[in-house]
Amino acid sequence: QEAFGLIRRIEQESKVVGLITDALMNSDLNSLLSAIDDAARMVPPFAHPKLDEAMRMKDILEEEKKLRLKLRIANENNDIEQIVALMELADEMGIVNQETENAKALLQRVEEERVTKLRIREAAALKDYNAINFLLQKVSEMGITGEEIEIAREVQKEMNMRLAALKNLALACNSRYMDGILKCMAECEKLGINYADEIEEAKRVKHELEQEQQAIATLLEAIESMKLDVLDCAIEAASQLGISKQSHMEFGDALLTRDAIMKKIETDQKKLALELKNVTKGSDSEAIASAITKSMAAGMMPKYAAEINTAKEKRRQIANQGKARNALELAIRTRIMERVGDALVLADACGLRGKIVDDARIIMIELSRKNEVFQNIQLAVRSRDVDALGKALKEAEILDMDAELDEYSELQEMKHSINRDKRIAEIKEKLKQSIVEEDLHSLNKALAMVIELGCEGDADVQTARLTQKKLTSQEDFKNLIQAASRSLSVKLQSKAGITSADLEPLSRALTDARAEGITD
């Protein structure tokens, strides 16, 4: 009996576990509740992990059932706030079903409407014509209404009017009709269109038309003036603006007027060219200058450039010859070789001929010879070549170069040096003669001259110094002995006579003289 009871119990438990397992796999709340009831009726009470799992799943499925009901009601009522809160809860619980999908779709629709309204509000604020058209088409398809939509439609209407005004302005610009452009620009201004490519193009075309009108007026004034330069400027200015005789008859009139002026100018220029050619043959600088001025004023360049340049060159030659003549006169007066040479170069360059040029050439030859002699003197001075210097000085004397040589200090120094050397030789000869003759007086005079000439260091002078010292010493002892002798002579004639003490000075003097080698 117990065995049968145990078998039934096992069968019941197996059945309940199977029911719970199927219910869990299918997330079927009703099947799960039925299986849990079957387990609760079992005696003794049924205990199994699957039953615990079933109890937890029951709570989850019951919460899910409540959430699905709330979502269905919120979806039906378009309660966005409630839907958002319930969807957050569903996400936390990991619930996905038809109600959550419907809620997501509704939220996406609401978000798309919000974004679309925001975009259409921004497009209207920015007056983005293409964006406004696209978004209005979209909200029409979506069936969206609201204040933003109406504002966008008003902006669209206004922009359509602006586009139409700009289109009309572009057509007016293409026609290049000033009144039409001004009228369309006024309409654009009325609509508050302050900047657009069409407005800028209209301003450009308006400016061009104003320039054309001004150019035509200038052409008419130039025709009246009958002045070629004024007419050329007006024609050039009109051409740069694209004005031609095909587009404006005033331009053709200007061309005809110019042709007539050019014919008259050509006749006048031929007369002036002949006058210029004739005066160029002469040497009247003022007449040539006048003819050149009239030719330039008549606009004869570059057609008569050769004639004008020839006249200018002739006038320049005359002016240069005047400058060369003045330079020659000044150079001849100053007799400075560089000036004479430069003046002759100027004369040769401008073709100056005549007596003044010949005189300058003669002076140049003379000055060149003087310069050559002066250089020879300088070379002789630097090399201390007395013979060469003497030869050069003779030539300088022939050329009357005293004034030039007086200012040559180095030459004067060399002359002084030559004289000094000559005097030194003479003094040395006197020294030798005085030494031989032992003539102290002549020796002293000669040595005094040695000091004056600054040659004390010479060997002959040193020898003379020694001789001077010796002769001076001899003279001193001689004088001393003579004085002692005169004193004895005086005392000899006295009543007292001479004592041994009176002989002492003479004896001492003789002794000192012998000590110095004096025996005479």
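Biologist: What percentage of the residues in the protein chain are buried?
Modeller: This is a predicted model, and in it buried residues make up 30% of the 520 residues in the protein chain.
Biologist: And how many helices and strands are there?
Modeller: The protein chain has 21 helices and 0 strands.
Biologist: Let's look at H7; how many residues does it have, and how far does it reach?
Modeller: Helix H7 covers residues 147–175, which is 29 residues, and it reaches 43 Å from its first C-alpha to its last, close to the 42 Å expected at 1.5 Å a residue.
Biologist: What comes just after H7?
Modeller: Just after H7 comes Arg 176, which takes a positive phi of about 55°.
Biologist: Switching topic, how do H12 and H13 cross?
Modeller: The axes of H12 (residues 285–297) and H13 (residues 305–334) come within 10 Å and cross at roughly 150°, and the two helices are therefore roughly antiparallel to each other. Their crossing is left-handed.
Biologist: Which residues make that contact?
Modeller: On H12 they include Ile 288, Ala 289 and Ile 292, while on H13 they include Ile 308, Lys 312 and Arg 315. By type, the residues of the contact divide into 7 nonpolar, 2 polar and 3 charged.

Note on methods: Residues are numbered from 1 along each chain as its sequence is written. This is a predicted model: local features need pLDDT of at least 70, side-chain atom pairs count only at pLDDT 80 or more; totals for chains, interfaces and linings use all residues. Side-chain values use heavy atoms; hydrogens and water are left out. Helices (H or I, at least four residues) and strands (E, at least two) are DSSP runs, numbered from the N terminus. The expected span of a helix is 1.5 Å times one less than its number of residues. Axes are lines fitted to C-alpha atoms, for helices over the stretch in contact, and angles run from 0 to 180 degrees between N-to-C directions. Angles under 35 degrees count as roughly parallel, over 145 as roughly antiparallel, 65 to 115 as roughly perpendicular and the rest as oblique. A crossing is left-handed if the near helix is turned anticlockwise from the far one by less than a right angle, and right-handed if clockwise. Contact means heavy atoms within 4.5 Å. Ala, Val, Leu, Ile, Met, Phe, Trp, Tyr, Cys and Pro count as nonpolar, Asp, Glu, Lys and Arg as charged, and the others, Gly among them, as polar. Buried means under 20% relative accessible area, exposed over 50%, partly exposed in between (1.4 Å probe, protein chains only).
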